[in-house]
Amino acid sequence: MSPSLWLLPALPAAAGALLIPVRRAAPALSVATAALTLGLAGHAAATRPSATARLILGEGLAVDGLSAVMVVTVAAVGLAVLVFAAAEQRSGRFHGLMLIFLGAMLATVTATDLVLLLMGWEVMGAMSYALIGYRWRDRERVRSGAVAFVTTRAGDLGLYVACGAALAAGGGLALAGLPGLPPPWRDVVAGGIVLAALGKSAQGPFAFWLSRAMAGPSPVSAFLHAATMVVAGAYLLLRLHALLAATGWAAAVAAWTGALTALLLGLVALAQRDLKQLLAASTCAQVGFMVLAAGASAVSGGTAHLVAHAAVKSLLFLAAGAWLAALGTKDLAGLHGAARRFPLVGVVFGVGAAALAGLPPLSLWVTKDAVLGGVAQPGPRVVAFAAGLVAALYAGKALAAVWRPADAATGAGSERRASGRVAWPELLPLPVLALVAAGFGIVGLPALHGWWSRLVGDPGAPGLTAGELALSGVPALALVTAVIGVRPGTVAPSGVGGVFGRWLGLERAARAVVWRPLLRAARWAAWFDERVVHGAVEAVARAGLRAARLAGSPLESGLDGLVRRTGGAVRRLGGLARRPQTGQIHTYFAQAAVALVVLAVVFAIVR
């Protein structure tokens with residue numbers, strides 16, 4: 001047991017809390033803290049420590065193969081994002097919230113029980129709200145943060161249900177023991193966890209909150225989408241794939257939800273005209289592959305896809321943030337020529353977009369096929385394969401937009417004042433992320449496949465064949481080439497952008513089906529409380545007052561008079577009883593004689 005493991009999540013969380021009021025030196029301190037956290041994560045991944053403490057029921061942290069991969073990924077992406085943010089975000093509040101966010105995610109991925117996992121889970125939700133609405137003077141940004149928070153909170157209720165069911169089953173809250181719970185409690189636990197995971201990872205009907213999350217600063221988007229909250233749900237399902245498989249139905253729900261989200265949100269990404277919205281929808285789609293992997297128990301492929309996607313998506317969001325600062329826009333038409341004007345950003349963005357498209361030999365080409373290779377069910381596998389082809393279209397669309405020569409549309413849709421330059425801290429992490437985005441797929445190739453599968457606890461994972469890789473790589477290459485060669489606006493023209501451009505109308509549907517009925521129910525409950533419950537309480541009070549007034553009228557005065565008369569009679573009797581007490585003996589004898597005579601008379605009469 002290693003108590004120092006508690007330092008891994010505690011260090012960034014405590015440093016973040018201390019940094020919030022700091023005005024100067026916050027970027028340097030946050031980067032130093034993130035670097036130290038990465039060192040602790042590397043040490044934990046190498047030594048695989050565990051630690052326990054009795055906070056409530058005996059909670060603990062542990063690092064096994066799967067969490068070793070996650071702690072390094074989370075800490076590395078956190079460091080990269082904070083280095084990038086140092087160029088523009090200098091507020092202690094921003095860096096403090098980001099470090100607390102980092103600490104919460106590290107607690108989530110190392111927790112061995114539902115109690116600590118829920119603590120990290122909740123802190124992440126709170127930090128996401130604060131960071132999405134970071135520019136709190138802008139009401140629309142704050143509203144977006146609230147939408148994201150309320151939506152994920154709706155799913156988070158599933159974790160509370162899971163905790164309650166696990167306790168009711170008597171099996172404890174340890175994650176390792178959940179698959180062994182007796183039915184029906186096991187099914188309730190699985191349902192709650194699936195609901196919470198889908199909400200956190202913006203899958204299925206929850207996907208729209210990720211569109212709202214784009215209101216936050218670009219570093220927040222990069223961190224949120226790449227290595228923290230959005231992938232937390234996918235990680236939880238991968239961690240508990242045995243629980244999903246034990247129920248049967250939960251595995252099928254996860255697999256189908258992941259596959260359909262990958263396809264439908266890929267079409268949403270294709271319909272977007274805003275670069276950050278395109279990347280947000282693509283995050284939902286790519287996380288769908290991870291959720292599919294959890295449902296199919298393809299842990300090796302799902303984890304590899306998670307890590308590769310973290311590098312790719314953080315790279316793409318940071319590049320988009322650099323262009324937003326330099327050019328003042330994230331509109332795809334307004335970004336024409338952006339890659340040519342800032343070639344380093346353009347090259348690394350090109351690497352990330354090509355990886356997102358699934359082009360060989362880049363990382364997501366291999367990891368996506370590793371997921372598909374582990375899916376035995378033909379239905380989800382076919383849907384996910386189609387989703388991979390759609391990924392080539394939306395990634396090619398983004399790539400074509402930024403590399404197309406500047407034209408009359410360049411600079412259109414400006415949202416903020418353009419700085420005209422990209423600062424060196426913004427450039428610093430991009431080549432490193434591009435290197436990982438390009439090369440991480442090596443873990444899925446035969447030379448390293450066995451080692452990787454054993455590391456993440458999936459030693460029986462099937463390997464990839466050249467035919468499988470070619471089957472996805474060749475069409476992706478053809479589609480990207482076709483998209484780059486077409487006229488602007490041909491891909492996802494305005495007619496297609498209707499329902500898909502509005503994110504399938506999911507937010508509107510959620511408002512109509514859930515939010516407005518809840519508000520009506522709340523208003524009815526308030527009316528019932530005011531008119532019925534409150535009215536009943538007031539009626540009881542009025543009845544008590546009337547009873548008190550009644551008791552204070554003739555009845556009370558009559559009783560009071562009776563008491564006074566009784567007291568007066570007693571006093572008079574006492575006065576009469578004192579009179580014979582003269583102190584003279586002959587008087588007492590006379591009284592005794594009279595009493596004897598009276599008794600004799602009474603006795604004679606009675607007989």
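**Exercise 1: Aromatic pairs**

The structure holds 7 aromatic pairs, where rings of Phe, Tyr and Trp (its six-membered ring) pair if their centres lie within 6.5 Å; planes under 30 degrees apart are stacked, over 60 edge-to-face and the rest tilted. This is a predicted model, in which local features need pLDDT of at least 70 and side-chain atom pairs count only at pLDDT 80 or more, while totals for chains, interfaces and linings use all residues. Residues are numbered from 1 along each chain, and side-chain values use heavy atoms, without hydrogens and water.

Task: Classify the pair of Phe94 and Tyr134 by its geometry.

Solution: 
1. The ring centres are 5.4 Å apart and the planes stand at 75°, so the pair is edge-to-face.
2. Phe94 belongs to helix H4 (residues 92-110), and Tyr134 to the loop between helix H5 (114-132) and helix H6 (139-169), 40 residues apart; helices are DSSP runs (H or I, at least four residues) numbered from the N terminus.
3. Phe94 counts as buried at 0% relative accessibility; buried means under 20% relative accessible area, exposed over 50%, partly exposed in between (1.4 Å probe, protein chains only).
4. Tyr134, at 8%, is also buried.

**Exercise 2: A second pair**

Task: Determine how the rings of Phe440 and Trp452 are arranged.

Solution: 
1. With 5.6 Å centre to centre and 85° between the planes, Phe440 and Trp452 are edge-to-face.
2. Phe440 lies in the loop between helix H20 (430-439) and helix H21 (446-455), whereas Trp452 lies in helix H21, so the pair ties together parts 12 residues apart in sequence.
3. Phe440 and Trp452 are both buried.
4. Together with Trp451, Phe440 and Trp452 form one aromatic cluster.

Methods
Helices (H or I, at least four residues) and strands (E, at least two) are DSSP runs, numbered from the N terminus.
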